[in-house]
Amino acid sequence: MKKVLSIVIAAVMLLTCALAGCAAQTASEPSASTEASAETSASASAEESASSEANAPEDVEMVPVDSEYARVDMVNKEPEKPLRLAFLSLQNNAFFDLVAQGAELGKQLMAEHNVTVDYIVMGDTMDAQTVNTAMDAAIVQQYDGIIVTPFSVGTEAYIDKAVDAGIPVITLYGESTEPSKRMLFIGQDAYSAGKIVGEYVADKYPEGGKYGIVTGVFGVEVFEGRNSGFKDGLAKNGAEWEEVGIMESGDSADKVYSITKDYLTANPDLKAVYVSSGGNYGASKAIEEKGLSDQVISAGHDEVPDNLEYVADGQMVVISQDTMGVAVSSLIYMYNYLVGGVEPESDVIPSNSFMIDKDNVSDYL
């Protein structure tokens, strides 16, 4: 089942993400290729490890990286001088623990090639001010490259400021809907990922029913895109679905837990709780405590350990975004550009994505 799901879903991501990251497309708009993606038969395995050889100068050799998380080859060349990279991230839920772990693996790889990686936690608030303050500091410190998790509209001006100062920027996981001068975005198309989860729920309950949404922060592109996609995915079988609420959690599992309890209390016939933010396991905990695990499905994102425990019990399904692989690969892409003049094969690289449920969760525990 894992192989079938990963092939179909990776194809969806490959087609839709090409339009999502580099254009000022609103979060609620599905790209034209989203609708056609179900007919695509491209092999996921063939796309998992992208090679930049097509964009490499003739005198640059590309070699595979000895890491299960590397999705791109690396230039077989050492830097002419020591390099310093800033990896700017957030920390407000377990998702960012995976980001940090991936960045640490990438840091160790870079250290073998005279590159220092500073992993910098910008804060716990997912807003433009937090990102812009950290970007400004990194520019002042004259890093050779910046990798950042921007998410919000309003960050593009400081990304452009870095690039204008001669510092290439790679963005990860989610970014503004407004265009910027960043070299590369790596991540899921938010709308498509949400739609896949919605279709999964629609297939589980073909008769329809009531559902509640717990989002992270209103107005953040990645959450808004996921929410819109989920709603459209529910419509897959033409059944009637009723939304009982959409509330902000601030990526807090405790808040997700509290909101889910309120949904369940007010709606005894609830069928699904969709968490488009972090802290998904808070929903499953509330459902379990109410004794409704056989009646209500918890659906969300990310392969964090707390989520996978509930997935293994059949109480949750999640869609992965290859969090650690994205972090490691971003550093390799930056190295390739700075050391070998190798530009990414596209300015949007989709992360490997796949649904995880009780049938295949053992592969990820």
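User: Is F87 buried or exposed in this model?

Analyst: F87 is buried, its relative accessible area being 0%. Here buried means under 20% relative accessible area, exposed means over 50%, and partly exposed lies in between, using a 1.4 Å probe and protein chains only. Y119, at 27% relative accessibility, is partly exposed. Before we go on, this is a predicted model, in which local features need pLDDT of at least 70 and side-chain atom pairs count only at pLDDT 80 or more, while totals for chains, interfaces and linings use all residues. Residues are numbered from 1 along each chain as its sequence is written, and side-chain values use heavy atoms, leaving out hydrogens and water.

User: How many aromatic pairs does the structure hold?

Analyst: Rings of Phe, Tyr and Trp (its six-membered ring) pair if their centres lie within 6.5 Å; planes under 30 degrees apart are stacked, over 60 edge-to-face, and the rest tilted. The structure holds eight aromatic pairs. One of them joins F87 and Y119: the ring centres are 5.5 Å apart and the planes are at 35°, so this pair is tilted. F87 belongs to strand β3 (residues 83–89) and Y119 to strand β4 (residues 115–121), so the pair links parts of the chain 32 residues apart. Helices (H or I, at least four residues) and strands (E, at least two) are DSSP runs, numbered from the N terminus.

User: Why do Y211 and F230 count as edge-to-face?

Analyst: Their planes are at 65°, with ring centres 5.8 Å apart, so the pair is edge-to-face. Y211 sits in strand β8 (residues 209–215) and F230 in helix α8 (residues 221–234), so parts 19 residues apart in sequence are tied together. Y211 is buried at 6%, and F230 is buried at 1%.

User: Which charge sits over the ring of Y205?

Analyst: A charge sits over a ring if NZ of Lys or CZ of Arg is within 6 Å of the ring centre and within 35 degrees of the ring normal. For Y205 it is the charged end of K204, 5.7 Å from the ring centre. K285 lies over the face of Y257, 5.0 Å from that ring centre.

User: And which residue does D347 meet in a salt bridge?

Analyst: Side chains of opposite charge can pair when their charged atoms come close. A salt bridge is a side-chain nitrogen of Lys or Arg within 4 Å of a carboxyl oxygen of Asp or Glu. D347 meets R182, at 3.8 Å from N to O. That pair links parts of the chain 165 residues apart. D347 is partly exposed at 32%, whereas R182 is buried at 7%.
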